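Hello,

Here is the structure I promised to pass on. Please load it before you read my notes.

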Amino acid sequence: MNEVTTLTREGDIAVVTLNSPPVNALSANVREGLFEGFKAAIADDAAKAIVLICDGRTFIAGADITEFGQAPKGPGLHEVQAMIEDAPKPVVAAVHGTALGGGLEVALVCHYRVVVPSARMGLPEVNLGLLPGAGGTQRLPRVTGVEKALEMMTSGRHASAKEAHESGLADAIVEEGKLLEGAIAFAQKIVADNAPLTKIRERDDKVAGARGKPEIFEAFRKSIARKTRGFLAPEYNIQCIEAAVNLPFDEGMKVEAKLFRELVTGEQSAAQRHVFFAERQVAKIPDVPKDTPQIDVKSVGIIGAGTMGGGIAMNFVNAGIPVTIVEQAQERLDAGLAVVRKNYENSAKRGRFPMEEVDKRMSMFTGTTNLEDLADKDLVIEAIFENMDVKKDVFGKLDKIVKQGSILATNTSALDIDEIATATTRPEAVIGLHFFSPANVMKLLEIVRADKTSNEVIATSMSLAKKIGKVGVLVGVCPGFVGNRLLAQRQREANKLILEGAMPWDVDRVLFDFGLPMGPFAMSDLAGLDLGWNKETSKGETLRDLLCERDRRGQKTGAGFYDYDENRVPSPSKEVEGIIRQYAEERQIQQREISDEEILERCLLPMVNEGYKILEEGKAIRASDIDIVWIMGYGWPRYRGGPMWYGENSVGLEKVLERMQHYEEKHGPDFKPAAMLEDLVAESKKKAG
Ligand code: CAA
C-alpha cells in the first residue's frame, strides 16, 4: 500500500479507499496504490468481497492528464484493471462525485457499481481530443447499448445517477451521504446470494442487435457532422464502438489501443488538453489572492434597456439575482423589456423551461426611468452607447447616488475605463464588464481592470462571471481590450486582401476551413453592413459605402458581400467582384492571384503578433488567457488551441517571426514583429546553441 490507498475490513467485506486530492486522478501513485490494495484484499481470505471507494469530493475523475506525453511509471492502468476484473471475489465500485474517463473505466471492470443520487458518470475524453483508452469504448456499449454509448462518447456528457441506473451502468442507487454503508450492504447481499462475478467484457446482449448494420453508424455520423466539424476524436470514438459491435472483445481492444495512440500523440489532443488547463488557469490571478474578501452581490442595476442591457440583465436573472433596468424614456424601457420577454418565450417554446417560468423570470425585472432607484444596488452595469462624455456624466451621477461598497461597471467595448473612473470619487469601485453579443448566450466575459480597481472588486467580478455561467478573463485597459484588438488585426488584413485580388468568399473559405465558424465577410453580412452607416452622410469612399448605397446591406436586404437566395443561402456575387475590382483600379492597387496560404498567414499571424504586444504591455496575464478569449468569444476551434497556442506550437514562433518580417518588407509596418516575439525566438535559438 502507499500513502494514497488504505485497506480496511468491515466484517467480511474489504474496503479499498483511495485518497489523492483534488480529484483522485489515476496518477502513477494512484495506480500503484490500487494495484497493491487489490492484491492484498484478494489475498485476505477473510474478505468475501471488495468495495472500492474514494475520499474527498469525487470518485476517480480520469487519467492524470498532466502525465500524458511522459514516460510511463509504475503499473499500467490495464494491469490494475485486469487484477480487479479477474478477482476471484466480487468487487463493488462505490461512486460519488464523478466517475469520469479512466475512472469510469475502472468502475467498469468492477463486477458491480453502486452510486449516490448526486453521482455522475461519463467518458469525456472526446473533449480532450481523445477516446477512452482503457477499455471504455468496448465496455460502455456492452452495458448501455450502442445508441447511448455513441451519444455519450461523442459528446463527453456526464450521465446522472438516475440515467446510469436506468441504462444499466449503475446497479443500485444508495442513500446520499451513506455510500460506504450502502456499498457494504450491497456487497454483503451479493455474497449471501452467491451472485455471479459479472464481467462486462463477456456480455453481448446489448450490442448484438447492431451487428452488421453500418447504417446505424452512418446515420449517427450525419447527425453530429455539423457540431463536430474539424474534430478527429468523435469519429475515432465511433470507429471504436463499431469495433465493439462487430469484433470479439480482444480484437476491439486492439482497435481502441491503435486509435488512442494516434490521438494522444496528435496535434489536436495536445491543443485540447492545453485548453482544458487554460480554462482552469484563467481564474487564477497572481496578485489577487484566493482569500480576497468579496462583495455579496444580491441585486444588480443595469443602465440601458437596449439589446446589450437586456441581454446582460437576463444573465443575472437566470442566476436568481433580481435586476433593475433604467432607461431614459418609458417607451424604450417597455420595448427593451418586451424583447427580453420574447427571448424567454422563445426559450420556453424550444423546451428549455416551462412557459410559467417566463412570468417568474420577468417578475425579477424592475423597470424604471429613475437613476435614483439604483441607490441600494450591489452592482451597477452601464450599457449605453459608446460616448465618453455621456458615460462620464452617468458615472458622475452614479457616484452620488449608489451606496458605498458597490461595484460600478461599464460594458464599454472601446473606451478608456481609467478616464471613465475619473468621473467618480471612488475609482477603486470601477471596472469593465465587457459582455459579447448576444450577451445572454456568449460565454466570454472580459473583465477589464482599470489602474485603480480594487482586488475586492476584481475577485467579486471573477466569481460573478462563474455564477452567471460565463468564463471571465481578466484583461487590462487598451483599445479593443484583448478580443477585439486581435480581431482588428484580422479584419484589417481581410479588407486589404480583397483589394489586392482575393475575393471575400476566398478569404471566408480559408478561415472557415481552418475551423472558424465563419469568415469576416459572411460575418459582416450577418451583422449588417450598415451598422453605423448613414445614407445621408455616405461619401461613397469606402467599399462599405459603395455596397450600402446599392442597398447591399447584408443578409437582411438579400445582398451584401454575397448574394442570398430566399433561404439566406449565400453565393459569390459578380456585382461585388466588379465593384471591388473597379474600386482597386481607381486607387491603383495592383490586383494579383493570392494563395490560400497567404490569406491564412496574413489573417492569423498578425493576431499572434498582437497577442505578444498585449503580453508585453501586461494587458493579459498569460498567453493561454488570450487563447480562452478567442475560443469562448470568437469561435476559435478548440482543436487548434487558441491563437497563441497555434502560433507557438502549430506554426512555431521562429516561423511566425520569419513570416512577419517577410510581410513587413512587402506590406509595411502593419507587420512589425512584437519585441517579445523577437526576444522569445532569440532566446530559443540561443538555447538550441
Ligand atoms: N488529471 C489531472 N488533473 C485534473 C484532472 C485530471 N484528469 N481533472 C481535474 N484535474 C485538476 C484540475 O486541473 C484542477 O487543478 P487546479 O486546482 O490545480 O486548477 C483540479 O483538478 C480541480 O478541477 P476543477 O477545477 O475542474 O474542479 P471541478 O470540481 O469543477 O470539476 C471534474 C471536477 C468534473 C472532475 C473536472 O475537473 C473534469 O472534468 N476533469 C476532467 C475529467 C476528464 O476529462 N477525465 C478523462 C481524462 S482522460 C482519460 O481518462 C483517458 C483514459 O481513457 C485513460
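Predicted model: local features only at pLDDT ≥ 70, side-chain atom pairs only at ≥ 80, totals over all residues.

Residues are numbered from 1 along each chain as its sequence is written, and side-chain values use heavy atoms, with hydrogens and water left out.

Six strands form an open sheet in the order 1-2-3-4-6-9, with mixed pairing. Strand 1 (5-10) and strand 9 (172-173) stand at the edges with a single partner strand each, so one side of each has no neighbour in the sheet. Strands here are DSSP runs of E, at least two residues long; helices are runs of H or I, at least four; both are numbered from the N terminus. Two strands pair if DSSP finds at least two bridges between them.

Strand 4 (residues 91-95) has five of its five residues buried, so the rest of the structure largely encloses it. Buried means under 20% relative accessible area, exposed over 50%, partly exposed in between (1.4 Å probe, protein chains only). V91, A93 and V95 cover one side, V92 and A94 the other. Strand 3 (residues 49-54) runs parallel to strand 4, joined by three bridges; L52 has A93 as its bridge partner. Strand 6 (residues 112-115) is also parallel to strand 4, with four bridges. There, V92 stands opposite Y112.

Most residues other than glycine have a negative phi, and most peptide bonds are trans. Two cis bonds are worth a look. P21 and P22 are joined by one, with omega about 0°. S437 and P438 are joined by another, with omega about -10°. P22 sits in the loop between strand 2 (13-18) and helix 1 (28-43).

N24 lies in the loop between strand 2 and helix 1. Its phi is positive, about 55°. N24 is buried, at 2% relative accessible area. N194 also has a positive phi, near 55°, but is exposed at 68%. Its loop runs between helix 7 (179-193) and helix 8 (214-224).

**Charged patch.** Which residues gather in a patch of positive charge on the surface? They are R57, R280, K284, K290 and K466. Patch residues have over 30% relative accessible area and no salt bridge, with like charges joined within 9 Å. A salt bridge is a Lys or Arg side-chain nitrogen within 4 Å of an Asp or Glu carboxyl oxygen. K284 is partly exposed, at 49%.

Best wishes

Definitions and conventions
Patch = residues over 30% accessible without salt bridge, like charges linked within 9 Å, V, L, I, M, F, W, Y side chains within 5 Å. Areas by Shrake-Rupley, 256 points an atom, 1.4 Å probe, with all protein chains shown as cover. Lys, Arg positive; Asp, Glu negative; His and termini not counted. Charge placed at Lys NZ, Arg CZ, Asp CG, Glu CD.
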